[in-house]
Amino acid sequence: MGEAPAFVVDDLLQNQDGFGSKSKGCKITTTIGDKTYVIGVENDESTLSLEVQIFDKATGNWATPIVLGAKPNSCKGLSAVSLNDDRILIVKKGSTSDDCIWFLEVDTWFVREQKKIQGTDVVAWSKGSRGYAEKPIVISGPSGVGKGTLISMLMKEFPSMFGFSVSHTTRAPRCMEKDGVHYHFTERSIMEKELKDGKFLEHALVHGNLYGTSIEAVEVVTDTGKRCILDIDVQGARSVKASSLEAIFIFICPPSMEELETRLRSRGTETEEQILKRLQNAKKEMEQGQSSGIFDHILYNDNLDECYESLKKLLGLDGAAAATQRSAPQGIDLPTDHSVSKMDNKIIIDCGTPELKKASKNLIVLDVSSLKGGAPGRTRGLDVYAIDSFSDGLNGINQPS
Ligand SMILES: Nc1ncnc2c1ncn2[C@@H]1O[C@H](COP(=O)(O)OP(=O)(O)OP(=O)(O)O)[C@@H](O)[C@H]1O
Ligand SMILES: Nc1nc2c(ncn2[C@@H]2O[C@H](COP(=O)(O)O)[C@@H](O)[C@H]2O)c(=O)[nH]1
């Protein structure tokens, strides 16, 4: 049996309705089925660290679960509401506008899969984010075909539209490559630990080294409102296809294996041994790329400018839409003091002191009916709008003003 936190079980059993309630020490407890989730440990008098413990009413045991996903920063207090019995929506008090809504997933598909793998209790954090993001673009093809060249051209012409997913790799940096820009260069043991901790969307052993896309690498690009581009091998593309990330998959072919060899050699970045290994692997990648059914589009990179034009065309960048500027999704401004309640698929955050109530719109409505994504990255699709409880009335909740 795990060690009980510093409050009594009776505190928990009073809270059966799925709403978070404050127990002693400003922790929050939320009960779903037989399990009560206790969130928050006091750092000092004014802040809470968002640790999680589980009390199982059926067995009377406490458990400290494996917690996946980036943990939210400490805050001044919490409200919590259970959604669909598979996740708990957390509203943090005294947090910045991009950091106040979080989800603790307790029984989603991802968490159930992780429980099977880890053989113990697992929960996972995911950050709430307004609106949707455009589908990321996965670009694959044999080494030396020109993926990096095409991606650089796209990012140079449309800097506000695209962002590059910076992969992790255990290979050594080339002379012009910068850590954190071209790759996150890492030790194998560290990357293996991070893989085990569920931090990666996909990974593969490529030409003798580990490569992988961290969930954070994709999310940091998407958070800025840009469309994320992943340059990954065919094994990685297959994993992304099987994941919850909806993406567009593009495979780049060389005009011939001879030309591929010429490009790899003229790039001058690999030893003879590495070139031979990459050419050997290229044959398999060409077969899989063209016949696996993973890829939505196949492009031939013979003439570079023509291939680039074809790439832009399939991304819808050959017309007026190309000029559209992207902007980062807005955060949600909440005052430090607020209370939270739930009505169908809407969470109502009451921000009002009596003075504020008279002066302005004082209820924020969080529509959670169209959530997408989730642990261990971002939960997107929050629709947020403000209403005035006096003039709009609670009935007005169904009609955003
Ligand atoms: N259409 C093209 N014609 C001639 N050379 C090209 C063409 N496209 C790219 N190249 C050159 O081929 C070399 C390999 O290109 P690049 O580094 O972009 O390949 P890559 O697919 O990103 O390789 P890797 O998978 O190893 O990172 C570079 O020197 C690049 O300038
Ligand atoms: N599965 C993944 N493959 C990746 C990733 N990042 C890069 N790559 C692929 O590796 C080869 C070799 O790259 P190089 O920089 O050493 O030439 C190339 O095909 C890349 O597409 C990744 O995160 N996951």
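These legends walk through several close-up views of a predicted model.

Local features are described only where pLDDT is at least 70, side-chain atom pairs count only at pLDDT 80 or more, and totals for chains, interfaces and linings use all residues. Residues are numbered from 1 along each chain as its sequence is written, chains are lettered from A and ligands numbered from 1 in the order in which they are written, and side-chain values use heavy atoms, with hydrogens and water left out.

**View 1. The whole protein chain, before zooming in.**
Of its 401 residues, 48% count as buried; buried is under 20% relative accessible area, exposed is over 50%, and partly exposed is in between (1.4 Å probe, protein chains only). The accessible surface comes to about 19500 Å², and 50% of that belongs to carbon and sulfur atoms. Such areas come from the Shrake-Rupley method with a 1.4 Å probe, and for residues only the protein chains shown count as cover. Now for contacts, meaning heavy atoms within 4.5 Å: among those with a separation of 6 or more, 57% join residues 24 or more positions apart.

In an unreviewed entry, UniProt lists residues 134–316 as "domain: Guanylate kinase-like". UniProt positions are given in the numbering used here, feature names are shortened, and annotations may be inferred rather than shown by experiment. In the model, this span is 44% helix and 21% strand, and its end C-alpha atoms lie 12 Å apart.

**View 2. Ligand 2 and its surroundings.**
Here 19 residues surround ligand 2, and the closest are S167, R171, Y183, Y211 and D231. To be near a molecule or strand, a residue needs one of its heavy atoms within 4 Å of it. Look at the polar contacts next: these are pairs of N or O atoms within 3.5 Å, and within protein one must be able to donate a hydrogen and the other to accept it, while residues adjacent in sequence count only if both atoms are side-chain atoms. A polar side-chain atom of Y183 sits 2.5 Å from an oxygen atom of ligand 2. For Y211, a side-chain N or O atom is 2.5 Å from an oxygen atom of ligand 2. On its own, ligand 2 has 510 Å² of accessible area, and the protein covers 95% of it.

**View 3. Ligand 1 and its surroundings.**
Around ligand 1 there are 15 residues, with S143, K147, G148, T149 and R267 the closest. R278 turns up here as well: an N or O atom in its side chain is 3.2 Å from an oxygen atom of ligand 1. The backbone also takes part, with an N or O atom of D302 lying 2.9 Å from a nitrogen atom of ligand 1. A backbone N or O atom of L304 lies 3.4 Å from a nitrogen atom of ligand 1. The protein covers 74% of the 640 Å² of accessible area that ligand 1 has on its own.

**View 4. A closer look at S143.**
S143 lies in the loop between β11 (137–140) and α3 (147–157). Its relative accessibility is 7%, so S143 counts as buried. The side chains of S143 and R278 make a polar contact at 2.8 Å. Leaving out residues up to four places away in sequence, S143 touches H207, L260, L264, R267, R278 and E285.

Most residues other than glycine have a negative phi, and most peptide bonds are trans. D85, though not a glycine, has a positive phi of about 60°; D85 sits in the loop between β7 (77–83) and β8 (87–93). With a relative accessible area of 49%, D85 is partly exposed. D344 is not a glycine either, yet has a positive phi of about 50°, in the loop between β20 (339–343) and β21 (346–350). D344 is exposed, with a relative accessible area of 68%. Finally, the peptide bond from A375 to P376 is cis, with omega near -5°, and P376 is in the loop between β23 (372–373) and β24 (378–387).

Notes:
Helix = DSSP H or I, 4+ residues; strand = E, 2+ residues; numbered from the N terminus.
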